[in-house]
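Q: Could we go through this structure together? I am new to it and would like to ask about it piece by piece.
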Amino acid sequence: MPKLDLFSTDYLRLVLEIHAHHIDGYVDAYYGPEALKTEVEASLAKSSAELLDAVADLQLRIPTTDPARQAYLTAGLRGIECTVRMLNGETIDYLDEVYRIYDIRPELVDEARFTEAHKELDRALPAGKQGDSLAARLEAWRKTFEVETDKALPLLDLARVETRRRALAITDLPDDESVEISLVKGQPWSAYNWYLGNGRSLIEFNTDMPLQATALIGTFAHEGYPGHHTEHLLKEKALYRERGYAEQAAMLLHSPAAVIAEGIATIALEMIFPEGDHHEWNVERLLPAAKIA
């Protein structure tokens with residue numbers, strides 16, 4: 001465990017306070033000092049005004065020795081400040097809120113892109129029954145690849161092995177890292193990575209939503225290798241444990257870091273299948289294992 005300076009300790013105390021007493025789930029993963037987490041959870045909740053003072057104090061003390069870290073903390077604390085201001089009752093314009101919290105500015109996409117995508121789907125999908133909408137035809141096609149729950153774990157393990165093998169070709173992974181797979185119900189998402197620290201993750205797959213054989217490799221790349229799990233363990237090792245950057249030990253769900261994490265996870269499949277040959281892998285390996293012709 002790295003020795004934390006006063007700035008790092010105060011930063012962790014602030015985000016843990018928001019998580020424990022104001023916004024449940026604000027800290028998506030934590031592997032910093034357990035004693036600090038226990039202390040914050042046992043303390044009385046601070047007011048939003050006190051939290052604003054704490055944010056302002058941290059903003060004045062951002063370390064400047066590493067320009068990349070300084071920029072990261074500047075954007076991150078701006079996001080935390082916005083969140084706390086809303087806790088304090090302030091109303092912020094939606095687009096400005098997105099910018100302050102996530103450090104991005106959403107832009108409208110030309111409707112022509114969606115129209116063209118619908119045309120491509122219309123050409124690619126089976127005709128279906130007379131009068132079927134495009135959405136109905138897409139749903140019918142997807143159903144042909146649905147996996148029964150009792151067959152899911154071996155297929156997910158097949159995806160885990162393949163994505164890890166390919167991730168090792170582009171990055172170094174510690175020998176003791178691991179990903180556990182679990183099937184759950186009653187969640188609002190289809191799959192979720194819970195990073196546990198020390199190079200370990202639990203990836204849960206929600207069986208309330210149909211598991212599709214053709215999507216398993218992409219989902220595992222997103223949540224595991226080289227997506228969320230890989231990003232988290234590399235940052236834990238290089239930034240938290242080796243450099244003592246404590247902000248990396250508390251992953252915030254609403255922050256610029258979340259945008260970075262989702263960006264990495266979104267292109268994770270492309271990283272390990274750069275020629276788009278995951279379709280061939282599905283046909284050769286996964287679909288036969290799923291007994292889908």
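Q: Is M271 buried, partly exposed or exposed?
A: M271 is partly exposed, at a relative accessible area of 30%. Here buried means under 20% relative accessible area, exposed means over 50%, and partly exposed is in between, with a 1.4 Å probe and protein chains only. This is a predicted model, in which local features need pLDDT of at least 70 and side-chain atom pairs count only at pLDDT 80 or more, while totals for chains, interfaces and linings use all residues. Residues are numbered from 1 along each chain as its sequence is written, and side-chain values use heavy atoms, with hydrogens and water left out.

Q: Where is M271 found?
A: M271 is in helix α12, residues 268-272. Helices (H or I, at least four residues) and strands (E, at least two) are DSSP runs numbered from the N terminus.

Q: And R69, buried or exposed?
A: R69 is buried, with a relative accessible area of 10%. Its place is in helix α4, which covers residues 67-87.

Q: Which residues does R69 touch?
A: Leaving aside residues up to four places away in sequence, R69 touches F7, S8, P63, G244, Y245, A246 and E247. A contact means heavy atoms within 4.5 Å.

Q: New topic: how much space lies in the largest pocket?
A: The largest pocket holds about 470 Å³ of space. Of the 29 residues that line the largest pocket, D28, H232, L252, A258 and A261 are the closest to its centre. A pocket is an open set of points on a 1 Å grid over the protein atoms alone, where a 1.4 Å probe fits, with protein on both sides within 12 Å along at least five of seven lines; lining residues have an atom within 4 Å of a point. Its volume is the space filled by probe spheres set on the points, which are joined across faces, edges and corners.

Q: Which element gives the largest share of that lining?
A: The largest share, 5 residues, comes from α11. Elements that each supply at least two residues of the lining include α4, β4 (191-197), α10 (228-241) and α11 (256-266).

Q: How many salt bridges does a search of the whole structure find?
A: The search finds 22 salt bridges. A salt bridge is a side-chain nitrogen of Lys or Arg within 4 Å of a carboxyl oxygen of Asp or Glu.

Q: What does D10 form a salt bridge with?
A: D10 pairs with R61, and their closest N and O atoms are 2.7 Å apart. D10 lies in helix α1 (residues 6-21) and R61 in the loop between α3 (48-60) and α4, so the pair ties together parts that are 51 residues apart in sequence. D10 is partly exposed at 21% relative accessibility, and R61 is partly exposed at 28%.

Q: Which residues are linked with D10 and R61 in a network of salt bridges?
A: R13, E39 and D57 are linked with D10 and R61 in that network.

Q: Where do D96 and R100 lie?
A: Both lie in helix α5 (residues 94-102), 4 residues apart, about one turn of the helix.

Q: What about K185 and D208, how far apart are their closest N and O atoms?
A: In the salt bridge between K185 and D208, the closest N and O atoms are 3.8 Å apart. The pair links distant parts of the chain, with K185 in the loop between β3 (178-184) and β4, and D208 in the loop between β5 (200-206) and β6 (211-212), 23 residues apart. K185 is exposed, with a relative accessible area of 59%, whereas D208 is partly exposed at 45%.
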